[in-house]
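Please brief me on the aromatic pairs and helix packing in this model.

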Amino acid sequence: MGLPHLDLDALFWGAGWTPVDAVIFQNRAREALSAETWIADGNYSGPVGEMLLSHAELAIWLDLPLRTCLPRLLKRSFRRAARGEELFAGNQETFGHLFARDSILLWGPAHHRQHRRRWRHHLGPNKPHELPVLHLTRSTAVAPALRDMSLLPPSCEDGGTVPHTVIASAVRVPWHSHHGGYDRLLDYLPEAKRITAPRGITGQKIATAAHHWLRRRCPLPFYPAEHFATDARVLVGREPAHILYGDEQFWFSRHRPGPTAVTYHQPPAHLARFMPATNWRRLAAHASQIIALAPDQLAFFANHLSEERVHLIPHGIDTAVFTPAGVPETGCRPMLLTVGWWLRDWDVLDMVHDRLHRRYGNDIELVVVTRQADRRTWHPAVRVLEGISELTLTQLYRQATAVFLPLTDATANNALLEALACGTPVVATDTGGISYYTGHGSAALLTPPGDAAAADEAVETLLGELGTAAHAARRAAARERAELFAWPRIADQVRSVYRLLEDER
């Protein structure tokens with residue numbers, strides 16, 4: 001449907017299959033449902049169920065018989081257990097869980113009739129609200145009914161978009177937020193079929209063994225077994241392909257018979273260190289089209305292939321998930337938030353933190369969200385967070401007076417786009433592609449590389465504006481800038497490259 005997916009189970013469960021406190025669950029749901037658009041699923045009653053119905057514009061009631069639901073429940077549960085799929089808060093369904101007394105395989109059938117009675121009260125003809133309800137009692141009626149309401153794209157039989165005309169290698173970067181990262185592009189390209197690493201144990205063992213022997217032949221500095229597996233699977237396909245992370249996935253697949261588009265993420269200086277220019281020319285020759293995420297990448301690839309085969313298409317952001325929540329209250333301590341770890345200028349960060357703490361003491365909150373936090377020493381006044389949920393991260397963006405991103409280099413930057421989408425002004429280093437994403441308006445203040453004094457002055461400017469019309473204007477400008485990079489816009493641009501691939505077949 002092209003809408004951000006909200007799984008209420010992910011808000012309800014904590015670690016070890018322990019439900020979170022009811023108040024926390026309600027607060028999480030309230031925050032998630034405040035987004036502009038979403039599609040939620042879950043079998044919850046009580047305050048959260050009422051909250052869901054009060055926020056929704058349409059309820060889709062899948063009132064399917066047990067003979068339909070039970071086989072699907074069995075298939076899903078055994079697949080999850082066999083593959084060791086990670087669910088909410090790191091939880092997994094195991095075969096031990098499936099055969100326990102509180103197994104979902106027993107709980108589901110036992111509560112099926114009870115759930116149907118409850119939803120009949122809430123969504124049936126005598127429902128106590130005016131919310132429109134799409135009541136579906138047969139699985140074969142689901143897709144046609146959604147298409148009739150324009151909630152699904154037309155099927156190929158209807159003369160609409162033909163699905164899966166392109167294969168796309170997708171890996172999930174583990175430190176990206178759930179709705180962050182470049183692979184989210186594929187959520188808006190239904191014609192692209194995701195090619196992922198094998199999830200079964202046997203497939204993983206085969207991929208690991210092959211990677212052990214072939215890894216030495218690949219010059220890419222980061223090329224784990226999972227990326228090798230997607231590289232190999234794309235290699236054998238003949239249809240047009242899109243390699244989403246060329247820096248880490250495009251090597252053996254350069255010999256594939258079909259046309260290929262490749263997106264590169266790293267700055268030119270890092271790409272140049274991957275391998276010699278002669279190797280780059282040979283590799284680039286096998287890419288039909290290259291997608292660059294920042295203008296300075298264009299010059300790098302212009303040295304290796306013709307200009308018409310290189311396309312500047314920016315990174316996108318989910319503007320339906322990362323949304324503003326009004327101007328922070330002036331009575332609270334101002335917060336300076338830094339997010340990320342790759343290509344961060346830690347020296348500048350430390351110097352700015354030290355100056356702010358000397359100036360304001362405990363009257364300012366310094367927060368860093370990062371990974372591998374134990375690998376460096378932080379200023380004592382800094383609150384360091386690691387492994388937080390996307391919901392918590394979004395709340396931090398919204399609460400922050402400013403997001404501070406001191407960088408050594410960059411093309412696109414997830415933290416930058418997430419902050420702008422949440423309507424938070426940014427202080428960032430003017431390097432690489434940063435100005436391409438911030439523009440030259442009031443959404444961001446850019447400072448010279450390595451200049452801690454200039455960065456400190458820019459942060460002071462934003463702190464001084466807190467509570468004024470100027471600060472509100474910056475927040476509005478930040479959101480307006482982010483909307484230029486909404487994923488549907490970016491998907492349309494990438495689709496034009498897919499058409500070029502089709503023409504090459």
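**Aromatic pairs and helix packing**

Phe 25 is buried, at a relative accessible area of 8% (buried means under 20% relative accessible area, exposed over 50%, partly exposed in between, with a 1.4 Å probe and protein chains only). This is a predicted model, in which local features need pLDDT of at least 70 and side-chain atom pairs pLDDT 80 or more, while totals for chains, interfaces and linings use all residues. Residues are numbered from 1 along each chain as its sequence is written, and side-chain values use heavy atoms, leaving out hydrogens and water. Helices (H or I, at least four residues) and strands (E, at least two) are DSSP runs, numbered from the N terminus.

**Aromatic pairs**

- The whole structure holds 22 aromatic pairs. Rings of Phe, Tyr and Trp (its six-membered ring) pair if their centres lie within 6.5 Å; planes under 30 degrees apart count as stacked, over 60 as edge-to-face and the rest as tilted.
- Phe 12 and Phe 25 have ring centres 5.2 Å apart and planes at 75 degrees, so the pair is edge-to-face.
- Phe 12 sits in helix H1 (residues 8-12) and Phe 25 in helix H2 (residues 22-32), so this pair ties together parts 13 residues apart in sequence.
- Trp 346 and Trp 378 are also edge-to-face, at 5.3 Å centre to centre and 85 degrees between the planes.
- Trp 346 lies in helix H14 (residues 346-360) and Trp 378 in the loop between strand E12 (365-369) and strand E13 (382-385), so the pair ties together parts 32 residues apart in sequence.
- Trp 378 counts as buried, at 15% relative accessibility.
- Phe 12, Trp 13, Trp 17, Phe 25 and Tyr 44 form a cluster linked by ring pairs.

**Helix H12**

- Trp 280, Leu 283 and Ala 284 are buried in helix H12 (residues 277-284).
- They cover an arc of only 90 degrees around the axis, which puts them on the same side of H12. The arc is that of the directions from the helix axis to the C-beta atoms.
- The buried residues of H12 pack against strand E8 (260-264), helix H11 (268-274), strand E9 (289-292) and helix H13 (295-302). Contact means heavy atoms within 4.5 Å.

**Helices H8 and H9**

- The axes of H8 (residues 201-214) and H9 (residues 225-235) come within 9 Å and cross at roughly 95 degrees. Axes are lines fitted to C-alpha atoms, for helices over the stretch in contact, and angles run from 0 to 180 degrees between N-to-C directions.
- H8 and H9 are therefore roughly perpendicular to each other (65 to 115 degrees; under 35 is roughly parallel, over 145 roughly antiparallel and the rest oblique).
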